[in-house]
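Please look at the structure first.

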Amino acid sequence: METPTSDSVTSDPADPRIADAVQAARLYYFQDQTMAAIGRDMGVSRSTVSRLITYARTSGLVEIKISTPHGQAPRIEREFSERYGVRAHVVTVPELVGDLERLEKVATFAGRLLASFFDSDMVMGIAWGTTLSEVSKHLAPKRTYNSYVVQLNGAANTRTTGISYASDIIRTIADAYGALPQGFPVPAFFDYPETREQLWRERSIKRVLDMQKRMDLAVFSIGVPGGNVPSHVYTAGYLEPDEAEALRRDGVVGDIATVFFRSDGSYRGIELNERASGPRLDLFEKVARRVCIVAGTAKLPALEGALRGGLITDLIIDDVSATALVS
């Protein structure tokens, strides 16, 4: 269902198109009038009506919500529910497209769907990375109040502060919902567990950690080494060769917010996790809604581990990867 609502506006309230766009959207969606009929009523051309309705959708004046009756979800989505206890949103993507285009299609779907998960008086946690960077380009604007978007893990390493990359993602997502952005200016990985422990006691950092604990919604992908669209943490200087080798010895298949886990979803006893800035996964599991976004089969072994570990409540995934996982 598509609902025109002035409460959703995130565009400039002084924009002269808003009043006309609301009128056109109400006539089109609520009264089932054709664009030609709306044009006659408003004294404008059909193409102008089309542009007004497009503006209403892209600016957040119109929100899209698709309700699936109980038991009527596509078969493959029901399989995810029955096997893993998660709600899956399977994105149809042409089979022959490349991995970059596949990611774009899934990110576009995710960007539209997130608006239905996030509302006023909520805290959204974001794990930066290649996938979330792409999602941030395709958000459907929605006005919320007293809401926050908080960065879940640090982005600095020995080569860069990472602040620009991570904060751009956080700020873009926050701006789409009229929320306040909260960065996390710490290293992705500390050199020593004791350093992290001491920094976590600082009041300025503790405030961010407390906000993370209040999360209503966590949005993330799964980082994995390799693949045609490599995960940022494995390609941007975050891991030294001896650390990467230690992860292989520990049987690590992927990470969530720079916290690593194995194929069975376990994460304890992995040394690098003691130095990671991301939230401990036992605390992460307490977040009411944990939305994982995955495109491409390279992440499937890690995704299955995260599903087995109960780390995900909602999954957005392309159809080829979904079929490969449950078949």
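The buried residues of α4 pack against β3 (87-91), α13 (300-308), β11 (314-318) and α14 (319-326). Buried means under 20% relative accessible area, exposed over 50%, and partly exposed in between (1.4 Å probe, protein chains only). Helices (H or I, at least four residues) and strands (E, at least two) are DSSP runs, numbered from the N terminus.

The model is predicted: local features need pLDDT of at least 70, side-chain atom pairs count only at pLDDT 80 or more, and totals for chains, interfaces and linings use all residues. Residues are numbered from 1 along each chain as its sequence is written, and side-chain values use heavy atoms, with hydrogens and water left out.

Helix α4 covers residues 75-84, and its buried residues are Ile76, Glu77, Glu79, Phe80 and Tyr84. They lie on the same side of α4 because they cover an arc of only 155° around the axis, where the arc is that of the directions from the helix axis to the C-beta atoms. An α-helix has 3.6 residues a turn, so residues three or four places apart point the same way. Arg75 and Glu82 are exposed, on the face of α4 turned away from its buried side. After α4 comes Gly85, with a positive phi near 70°.

The table lists values for the protein chain.

| Item | Value |
|---|---|
| Helices and strands | 14 helices and eleven strands |
| Span of the C-alpha trace along its principal axes | about 70 × 50 × 30 Å |
| Buried share of the 327 residues | 51% |

Technical notes. Contact means heavy atoms within 4.5 Å.
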